[in-house]
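Visitor: I would like to learn how to read the contact between two parts of a chain. Could you take me through it step by step?

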Amino acid sequence: MGKVEELKEIDLPDAKVGNVCLRFAPEPSGYLHIGHSKAALLNQYFAKKYQGRLIIRFDDTNPAKESNDFVDNILTDIKTLGIEFYDVTFTSDYFPELMKMAEKLILLGKAYVDDTPLKQMQEQRKDGVESKCRSNTAEKNMELWKEMIAGSDRGLQCCLRGKLDMQDPNKSLRDPVYYRSNSVPHHRIGPKYKIYPTYDFACPFVDSTQGITHALRSSEYHDRNAQYYRILEDMGTTESRNF
């Protein structure tokens with residue numbers, strides 16, 4: 001018989017028994033697939049191993065694709081999998097705080113409103129070319145931000161971007177979008193908001209606010225870990241560990 005490799009336990013870095021908090025954060029835009037199930041079970045494994053907590057958090061930041069039916073179906077599947085969780089929350093629970101944080105970053109000169117057309121913006125990020133809006137004053141950015149909040153014709157042409165580093169070899173750091181205009185009513189909140197945070201902006205903020213100690217992310221996010229930590233640094237919030 002061939003040699004059987006010894007199975008090794010995986011530990012969370014710097015994890016302390018009784019002081020670990022994890023989250024499983026699906027987007028309610030479809031049904032659970034095998035990858036989701038694996039992630040949910042892995043989060044539960046570590047929560048039990050360290051006698052910690054597991055929070056189910058719906059990443060409901062894109063109303064054009066999401067619905068309450070998907071929320072209900074995902075919760076049913078989670079229970080069918082036998083996942084034991086501490087609480088069910090939604091990123092939309094934190095929309096007011098996220099907007100305040102966005103305004104804080106605007107006033108600190110760490111975010112700006114951009115009306116560059118999407119395709120041109122994508123090309124500029126690829127080539128490391130700064131937007132003409134990057135040098136806007138905080139006052140100008142706040143003026144345009146209010147237009148975005150109001151959902152005006154002018155505001156619908158704009159997005160909010162983080163002012164990170166347009167020359168960084170890691171392209172996720174090249175001034176990512178923090179907020180985008182979207183007039184579609186939200187499945188939980190209705191038509192109250194005309195702007196919504198991106199996952200890249202909302203995730204680190206809510207992780208920090210909820211006290212998530214370890215955020216398990218799939219390999220597709222590895223190149224964006226630097227972005228995650230940079231956004232937390234600019235926000236001045238507590239750091240979570242990506243794993």
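Guide: The C-alpha centres of domain 1 and domain 2 lie 24 Å apart, the domain bounds coming from an automatic or database domain assignment. Domain 1 comprises 21-93 + 201-242, and domain 2 comprises 96-197. This is a predicted model, in which local features need pLDDT of at least 70 and side-chain atom pairs count only at pLDDT 80 or more, while totals for chains, interfaces and linings use all residues. Residues are numbered from 1 along each chain as its sequence is written, and side-chain values use heavy atoms, with hydrogens and water left out.

Visitor: How much area is buried between domain 1 and domain 2?

Guide: The size of an interface is often given as the accessible area lost when the parts come together. Here about 2300 Å² is buried between the two domains, with carbon and sulfur atoms giving 61% of that area; the value is the accessible area (1.4 Å probe) lost on putting the parts together, summed over both. On the side of domain 1, P63, F201 and D234 lose the most area to domain 2, together 30% of what that side buries.

Visitor: How many salt bridges does the rule find across this interface?

Guide: A salt bridge is a side-chain nitrogen of Lys or Arg within 4 Å of a carboxyl oxygen of Asp or Glu. By that rule there is one across the interface of domain 1 and domain 2. Elsewhere in the reading of charged pairs, R188 forms a salt bridge with D93, their closest N and O atoms being 3.0 Å apart.
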